Amino acid sequence: MKRISVLLIASLAVVLSGSSPAEGSETLTPEALLPLHNRKDAYTPAMAYGKEGCLVVWQSGRTGEGSMVKSLLYGADLVACRVDMNGKPLDKEPIVLSSATDLQEKPHLAFGDNLFLAVWQDLRNGKDYDIYAARVTPEGKVLDKEGILVSGLPHNQCIPKVAWDGKAFQVVWQDFRSNVSYEIYGARVSTTGKVLDPEGVLLKKRFTSRSGGSRYSPAIASRGEGKSLVLWCSHWRGGNSGGVMVEEGQVVDEDANTFAGRNIKTDGPNWVSHPIALAAGPDGFLASWMSFVPGGRGGGTRDSNAMVLDKSGKHMKYLFLAGKQHYIRQSDVIWDGSAYSAGWIERIVVKRGQAPHDAVFLTRISQQGEPVGPVHAMAGTFESPASKPTVATDGKGTTFIAYERHPKTGDVPIKIAFRLLRAK
Amino acid sequence: MTEGGRPEFISYDPPTERYHTVTGSAGGYLDGPFARARFGCRGYNARARQADSFDGRYHFATDPENGHLIRCLDFEKQEVRTLLPDQRRSKGIVADSKGRLLVVLWQRGTSQLVYVTPDGKSENGPALEMGQDGWTPVLALDEKNGRLYGTAYLKAPYKWYVWYWNLTDGSFHGVLPSPPKGGPRRKQNELGPFEGAYLYGEGGVDFGPDDPDKRFLYMGRCDTAYLFRLDLEKKLLEGFDAIEGRFKSTGFPRSTVYPTTYYYPPLGWMKDGSFVGGRSHLCYLYRRIK
């Protein structure tokens, strides 16, 4: 109960401190909704900035139609929509990235060399997840309609993330090819759509223990020159979170994870912190992670939910995204040209006996990890929650944030909503 | 229903080992299609109780963060609705073969049994005699003998790890006694007669699908990770020995064959007598244990 009270107080404090639509030198555009694909609910958006706007990709649908009494029915496609610099959707109908059979889920997106690369986990084989990718032009043309198979070995390859490293797209994912535990693998994809590391490169092997010691939910960010920092979370008996520096697809600094905190110190990301979000800035990186886990043993970190790292990936400072203690989930971060922009959700308690609802927040943080602007309460009420935020930027002070907007009534589908934060 | 703050229901299909989100996304409360229904979370301090209808059409779950309301998942219509929307007390649930959900509204003093159908119609059963006090019982139903078995996280002092209510008159009957403080007892988890059994923490109970006489009541215990079985005829506490591959009634169970760390019985029985257990990140399939 003590923890719930703390959460309530912290959450209200953030709501009161943030204001919308404008505060200080930051302005916010009104919320816009992206079109649905075949009236199917929209889930888990991902986003990247291209030339003069963003591409937002999301999962369309989740279950198949009909009775699920005798067998479960699943079906989801990946679709996308372009948004211009004014926050206006450019596509009346979403662009279909993949409509293969079964499920296409958990998309992620990067832009480089005048191309977007979308990556996702795919169940078209009906047995286990594989990693697929597709290139999309800034004009919205899908170049790989069947998808590029990045990794399709036995057992799951899933939860991919991608970054443009200045030379190629570096894709990372969690991989169960060992049939024992998840490990972190990566592969590069060229702008011509070729998988440069077809077998995948082991970036971090599992922790050898009787209980497995999996590595989960990798995050990646690049400062260019073919280098990327990759972070992940570990199984609780396999240590805490860690990271490596990757260059040209290979691990070059296995000890980049000097930040790794210990659960008992509750200072850094621990085994329940995944997913981690990661962004590259001019002098280093910003990482944030889930810090809200329902009470009891093994909860999330209480003393921070983000950290600043230097160019080599060494930990510099722990911090709270909101500048004071608060619990977060589903964070995403980006460098907007003069500061990091961070979006996340908190669980807001309105009244006792009623479940907390998800609400989306956005703020900006300096390279040194200090608050730059106010915390903006972007969206989310008990009647119409908002969740799964994703951020992108033009690198000139404009942050794009997209999120799931949940309906007030059950006859209205979940849509992807969209706002812009402009910082002067 | 997942733990760790994800307000979602996950399905697991043992033949393919696939698991997916069936319903739930953002936290909150909304009835309606699977695609957009919203739930609260369960967690370490918020026990959810779950039950399946006899015909497999419905899955019922209490929603602790929404006042323990009963959420009914209809797999025929892919739709969620709330049963007994005015009852926000902690409750245990179990389904019977007539398509009804038995709900135990558990609170100090006398408790109440309520029968509710998936369309929301309810009817009171007998008041239940309370032999002891606790939180959110786990229930197992023996329709042949008219008994409703229960176990719970109990307020000390208490006398019974496991008990049953007579479904006709609501009377309370102890089954597996808890040794009195300072009284004679065996070592923790040591198998043998009901008398003298000493167990850790709270538990969960369930009957298996291949036991029409309801002789064996399966039981998991919080943090222990052993699978126990109560032989109700011989009044023996048995435990599974994964090394010998059988239940035994002396010594100690061996190997953590039962993976849930908290308080649940097997998460789901399969038609061949296998059951599925689970924990935070993975689900495991366990083959039939004779």
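How many salt bridges are there between domain 1 of chain A and domain 2 of chain A? The count is one salt bridge, and the side chains that form this bridge are those of Lys40(A) and Asp77(A), at 4.0 Å from N to O. Please keep in mind as you read on that this is a predicted model.

## The two domains of chain A

The contact draws 44 residues from domain 1 of chain A and 49 residues from domain 2 of chain A. Together, these two domains bury about 3,700 Å² between them, with 68% of that area on carbon and sulfur atoms.

Between domain 1 of chain A and domain 2 of chain A, 14 residue pairs are in polar contact, both residues being at pLDDT 80 or more. On the side of domain 1 of chain A that touches domain 2 of chain A, at least two residues each come from several strands, including E3 (32-33), E11 (148-151), E12 (157-164) and E13 (169-175) of chain A. Strands E28 (386-393) and E29 (398-405) of chain A also supply at least two residues each. The most comes from E12(A), which gives eight residues to this side of domain 1. By residue type, this side of domain 1 of chain A divides into 25 nonpolar, 13 polar and six charged residues.

## Where chain A meets chain B

Now to the partner chain. The contact between the chains takes 51 residues from chain A and 44 residues from chain B. Chain A and chain B bury about 3,500 Å² between them, and 47% of this lies on carbon and sulfur atoms.

Two salt bridges are found across the interface of chain A and chain B. In a salt bridge of 2.7 Å, N to O, the side chain of Arg36(B) meets that of Asp41(A). The interface of chain A and chain B also has 22 residue pairs in polar contact, with both residues at pLDDT 80 or more. On the side of chain A that touches chain B, the elements giving two or more residues are strand E26 (357-365) and E28 of chain A. The residues on this side of chain A divide into 19 nonpolar, 18 polar and 14 charged.

## Salt bridges in the structure

Over all chains, the structure holds 29 salt bridges. Here are some of them, for a look in the viewer.

| Side chains | N to O distance |
|---|---|
| Lys40(A) and Asp77(A) | 4.0 Å |
| Arg36(B) and Asp41(A) | 2.7 Å |
| Arg364(A) and Asp336(A) | 2.8 Å |

What does the bridge between Arg364(A) and Asp336(A) tie together? Arg364(A) lies in strand E26 of chain A, while Asp336(A) sits in the loop between strand E24 (329-335) and strand E25 (340-348) of chain A, so the pair links parts that are 28 residues apart in sequence.

## Confidence in the model

For the complex, the predictor gives an ipTM of 0.88 and a pTM of 0.90. Chain A has an average pLDDT of 88, and 87% of the residues score at least 70. In chain A, the pLDDT stays under 50 over residues 1-23, a stretch with 43 contacts beyond four places in sequence. Residues 260-265 of chain A also stay under 50, and for them the model has eleven contacts beyond four places in sequence.

Chain B has a mean pLDDT of 85, with 84% of its residues reaching 70 or more. Among the elements of chain B, the lowest mean pLDDT, 53, belongs to strand E24 (residues 283-286), and the highest, 98, to strand E16 (residues 192-193). The pLDDT is below 50 over residues 259-263 of chain B, a stretch that has 23 contacts in the model beyond near neighbours in sequence. For residues 279-283 of chain B, the pLDDT stays under 50 as well, and the model has eleven contacts beyond four places in sequence.

Terms used: Residues numbered from 1 in each chain as written. Chains lettered and ligands numbered in written order. Heavy atoms only, no water. Contact = heavy atoms within 4.5 Å. Buried area = accessible area lost by both parts, 1.4 Å probe. Polar contact = N/O pair within 3.5 Å; in protein donor to acceptor, adjacent residues only side chain to side chain. Helix = DSSP H or I, 4+ residues; strand = E, 2+ residues; numbered from the N terminus. Nonpolar A, V, L, I, M, F, W, Y, C, P; charged D, E, K, R; others polar. pLDDT = per-residue confidence, 0-100.
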